[in-house]
Amino acid sequence: MSFLTVFYVPIVSVKVNGLSCKDPKSVIAEDFFFSGLHLAGNTSNTFGSKVTPANVAQIPGLNTLGISLARVDYAPWGINPPHTHPRATEILTVLEGFLQVGFVTSNPENRHITKVLKKGDVFVFPVGLVHYQRNVGNGNAVAIAALSSQNPGVISIANAVFGSEPAIATDILAKAFQVDATVVAQIQSKF
């Protein structure tokens, strides 16, 4: 089966991965194009990082192809906070600077696998595992992440746990994190 066979279904509008297929006769270069990864992201935020995605939302022609990219910019000591991609493995290449990267293996071991990377180094984050990056240099850092899905998804751990709507009950989080409920309430107030 060719790409255009999957990309096009005649007669009715069919969705694949939640997105409509397009008649191959109406496909244009713009369906396979994105411009923007050459631009530095604005890292003036709480985390000191900015992710610029190039996935199916930006490049419709990626639908069903199982790949995407992202540029990640980091201010000095900026972080890409702990998160997961529920539908993709990620391979990260450092273009500039020094990054401490890490992931945590699944239960029951919960091993923290970490390494400091320099320009040209590559590191893999297996699908679904919690992972992060931190710029450990005094200058800016830049990386490109390739992901094994056109729509990898992202679940930021702190946002999901402490910023959900409606909120997870404070007593549940207090028990899970083994802290006082006032600590949980204080953290939840930041989200």
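The legends below describe a predicted model of one protein, as a whole and then in close-up views.

Residues are numbered from 1 along each chain as its sequence is written. In this predicted model, local features need pLDDT of at least 70 and side-chain atom pairs count only at pLDDT 80 or more, while totals for chains, interfaces and linings use all residues; side-chain values use heavy atoms, with hydrogens and water left out.

**View 1. The whole protein.**
The protein has four helices and twelve strands. Helices (H or I, at least four residues) and strands (E, at least two) are DSSP runs, numbered from the N terminus. The C-alpha trace spans about 60 × 40 × 35 Å along its principal axes. Of the 191 residues, 33% are buried; buried means under 20% relative accessible area, exposed over 50%, and partly exposed in between (1.4 Å probe, protein chains only). Among contacts with a separation of 6 or more, 68% are between residues 24 or more positions apart, where contact means heavy atoms within 4.5 Å. The accessible surface comes to about 11,100 Å², and carbon and sulfur atoms hold 61% of this surface. Such areas come from the Shrake-Rupley method with a 1.4 Å probe, and for residues only the protein chains shown count as cover.

**View 2. The sheet with strand order 3-4-11-6-9.**
Five strands form this open sheet, and their pairing is antiparallel. Two strands pair if DSSP finds at least two bridges between them. Strand 3 (49-54) and strand 9 (122-125) are the edge strands, and each pairs on one side only. On average, neighbouring strands of this sheet are turned by 20 degrees against each other, direction ignored. The axes behind this angle are lines fitted to C-alpha atoms, for helices over the stretch in contact, and angles run from 0 to 180 degrees between N-to-C directions.

**View 3. Strand 9 beside strand 6.**
Strand 6 (residues 90-96) pairs with strand 9 in the antiparallel sense over four bridges. Glu-90 stands opposite Phe-125 of strand 9, and Thr-93 has Val-122 as its bridge partner in strand 9.

**View 4. The loop residue Lys-119.**
Lys-119 lies in the loop between strand 8 (112-117) and strand 9. Lys-119 counts as exposed because its relative accessibility is 63%. Leaving aside residues up to four places away in sequence, Lys-119 touches Val-94, Leu-95 and Gly-97. The C-alpha atoms of Lys-119 and Thr-93 are separated by 7.8 Å, although these residues are 26 residues apart along the chain.

**View 5. The sheet with strand order 8-7-10-5-12.**
This open sheet has five strands with antiparallel pairing. Strand 8 and strand 12 stand at the edges with a single partner strand each, so one side of each is left without a neighbour in the sheet.

**View 6. Strand 5 and its two partners, strand 10 and strand 12.**
Strand 5 (residues 79-84) runs antiparallel to strand 10 (residues 131-135), and three bridges join them. Asn-80 stands opposite Gln-133 in strand 10. Strand 5 is also joined to strand 12 (residues 155-156), by two bridges, and this pair runs antiparallel too. His-83 stands opposite His-131 in strand 10, and His-83 also stands opposite Ser-156 in strand 12.
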